[in-house]
Amino acid sequence: MPNRLAHETSPYLLQHADNPVDWWPWSEAAFAEARRRGVAVHLSVGYSSCHWCHVLAKESFEDEAVAAYMNEHFVNIKVDREERPDVDAVYMEAVQAATGQGGWPMTVFLTPDAEPFYFGTYFPPAPRQGMPSFRQVLEGVRSAWADRRDEVADVAGKITRDLAEREISYGGTEAPGEQELAQALLGLTREYDPQRGGFGGAPKFPPSMVVEFLLRHHARTGADGALQMAQDTCERMARGGIYDQLGGGFARYSVDRDWVVPHFEKMLYDNALLCRVYAHLWRATGSELARRVALETADFMVRELRTNEGGFASALDADSDDGTGKHVEGVYYVWTPEQLRAALGDEDAELAARYFGVTDEGTFEHGSSVLQLPQQDGVFDAEKVASVKERLLAARAERPAPGRDDKIVAAWNGLAVAALAETGAYFDRPDLVDAAVAAADLLVRLHLDDHARLSRTSKDGKAGANAGVLEDYGDVAEGFLALASVTGEGVWLDFAGFLLDHVLARFTDAESGALYDTAADAEQLIRRPQDPTDNAAPSGWSAAAGALLSYAAQTGAEPHRAAAVKALGVVKALGPRVPRFIGWGLAVAEANLDGPREVAVVGPSLADEGTRTLHRTALLGTAPGAVVAVGTPESDEFPLLVDRPLQQGAPAAYVCRNFTCDAPTTDPDRLRTALSR
């Protein structure tokens with residue numbers, strides 16, 4: 001008998017719809033039921049491609065006896081953290097404050113007033129390694145609730161008050177200057193791993209936003225060390241097992257320092273960010289490896305994540321069927337020498353083993369290897385390698401594929417729109433630009449209401465019930481702004497403006513300029529979440545600051561520029577101290593310090609060859625955060641095109657910065673120089 005989750009749109013919640021646990025979705029009705037019954041609330045938070053979430057579900061939530069105990073003594077609420085990042089953020093903050101660590105699955109016990117009093121993550125079915133079993137946790141919490149309720153209420157009240165009183169150090173309302181950005185670079189240099197690329201030890205996450213900062217810093221200052229760190233990190237990741245050497249695209253992170261063994265889930269946000277990073281690396285260096293990885297990652301997103309509605313699905317699972325009905329992590333992606341021989345024959349299997357670093361001992365479990373591109377002597381026949389890759393990909397396609405989380409998350413689709421639009425423009429792939437337009441169109445049709453308010457998610461052409469949070473408004477605006485620069489269609493600039501007006505009105509503290517993750521009129525949780533740090537994706541704070549700055553450069557809108565500069569105050573405070581965790585904020589600060597530059601390209605038509613050459617040159621400029629408008633002199637789609645005539649009948653480019661403009665030029669080489677110095 002399905003439980004209450006059967007009518008939800010989240011694939012993660014639907015995965016639990018047949019559990020014997022009487023799950024509730026997050027709702028006031030669930031807390032009202034807890035008050036009526038006089039029981040505590042068990043809150044379980046996860047997401048569909050989370051390996052340990054599946055393990056906990058299989059071990060405990062599918063166990064009839066455990067489920068019966070949960071149903072008798074608790075109201076059980078299941079939350080998809082990707083649908084409700086606000087709920088996740090508030091209670092994760094409590095978990096981390098109480099235990100010093102966090103992660104998913106997240107397990108929190110609450111009073112019927114939603115105040116937390118006991119925390120954890122994964123609990124095993126039997127005690128091990130100092131961890132109590134999940135059943136022991138349930139029994140301990142039930143006992144405390146039954147016998148010491150006043151004490152529990154006091155603890156919950158104190159935790160809630162402590163959370164409410166926590167303040168972020170904003171660093172005032174001044175954007176970072178040369179000094180802070182130089183300190184941030186120095187801090188990154190100290191944490192850099194010169195042998196392997198990347199920052200810190202294991203597990204190692206792809207530092208996409210930090211690399212964007214390094215590329216922009218190099219473009220503005222000429223600092224060779226910044227470019228070297230960016231290049232070496234990108235090359236190491238692209239050669240490692242974290243990158244899918246057959247199908248393109250990146251896994252969530254590497255469990256080791258050498259990028260060899262990934263945690264195999266593939267997330268839309270990682271791949272959108274990294275696709276854009278590698279495209280920008282190619283723009284800065286001309287690296288053939290960067291070009292290949294950008295295009296392969298873009299093709300992966302379109303091939304494996306695009307939905308029937310034209311948007312992009314959230315993730316592919318780490319686990320898949322190993323052929324026996326058992327779900328195993330990574331089994332879809334790894335190879336043994338025997339499997340290579342079965343797919344390729346002896347001779348080509350030997351070549352593939354050398355080329356991809358497949359050994360008898362293996363680099364993963366049970367003697368299997370994650371495919372890599374190890375540095376080695378000798379030259380491989382390019383046609384032979386291409387044939388081997390094609391046949392291995394075909395053989396892999398015969399394996400049971402990992403599950404896909406088909407929900408569309410607005411923020412992550414905004415990141416994908418930006419990446420695909422720019423990658424398509426750089427490499428003359430109009431099909432990728434078309435894919436970006438289709439996703440943007442879906443966001444407008446399905447996620448935007450009549451007042452330009454965003455829904456966080458949709459699935460199968462139906463918008464979800466949850467309101468968009470700050471990262472949705474910031475990242476979708478970022479995607480629309482990139483699309484406007486690439487296509488010359490001003491309607492995308494207009495839509496970005498609608499979203500950013502909401503940021504100013506509903507997400508910004510009028511006095512301090514600080515930003516909140518939820519709107520002023522959103523559901524009131526025990527704390528209004530507010531996190532400026534960039535983690536797996538840009539924080540809402542950084543994303544909004546970047547989009548506000550670009551929009552102001554395109555339109556001259558002073559309130560938007562002032563809001564962006566105020567928001568960058570937190571980057572001034574955190575950038576020199578924790579640069580790894582505010583990479584996108586630092587990248588936006590680089591754009592602010594550079595201007596950003598405003599480029600207007602005018603021509604007799606967008607199809608005119610000279611106009612297209614100047615437009616492409618403008619898009620390929622490396623000036624941090626430069627914005628581009630393209631159109632005819634009569635166009636009213638972009639404010640930057642106003643009063644920009646042709647030069648003696650020829651297409652022309654105008655470059656402005658900080659209220660000062662260069663002389664217009666008809667020469668692509670002069671434009672290139674103006675955008676790279």
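Ala, Val, Leu, Ile, Met, Phe, Trp, Tyr, Cys and Pro are counted here as nonpolar, Asp, Glu, Lys and Arg as charged, and the others, Gly among them, as polar. The model is predicted, so that local features need pLDDT of at least 70 and side-chain atom pairs count only at pLDDT 80 or more, while totals for chains, interfaces and linings use all residues. Residues are numbered from 1 along each chain as its sequence is written, and side-chain values use heavy atoms, with hydrogens and water left out.

View 1. A cavity is a set of points, on a 1 Å grid over the protein atoms alone, where a 1.4 Å probe fits but cannot get out, and its lining residues have an atom within 4 Å of a point. The volume is the space filled by probe spheres set on the points, which are joined across faces, edges and corners. The largest cavity has a volume of about 540 Å³, and among its 33 lining residues Arg216, Arg276, Glu422, Gly625 and Ala626 lie nearest its centre. This lining divides into 19 nonpolar, eight polar and six charged residues. Its largest share, five residues, comes from α18, where helices (H or I, at least four residues) and strands (E, at least two) are DSSP runs numbered from the N terminus.

**View 2. The second largest cavity.** This cavity has a volume of about 140 Å³, and of the 14 residues that line it, Gly241, Tyr243, Asp244, Tyr333 and Val370 are the closest to its centre. Its lining divides into nine nonpolar, two polar and three charged residues.

**View 3. The salt bridge between arginine 396 and aspartate 244.** A salt bridge is a side-chain nitrogen of Lys or Arg within 4 Å of a carboxyl oxygen of Asp or Glu, and here the N to O distance is 2.9 Å. The pair links distant parts of the chain, with arginine 396 in helix α15 (residues 382–397) and aspartate 244 in the loop between α10 and β6 (253–254), 152 residues apart. Arginine 396 and aspartate 244 are both buried, that is, under 20% relative accessible area with a 1.4 Å probe and protein chains only, whereas exposed is over 50% and partly exposed in between.

View 4. Arginine 239 and glutamate 235, four residues apart in helix α10 (residues 224–239), form a salt bridge whose closest N and O atoms are 3.1 Å apart. Arginine 239 counts as partly exposed because its relative accessibility is 22%, and glutamate 235 counts as partly exposed because its relative accessibility is 29%.

Definitions and conventions
1 Å grid on protein atoms, 1.4 Å probe; cavity = no way out; pocket = protein on both sides within 12 Å on 5 of 7 lines; lining within 4 Å.
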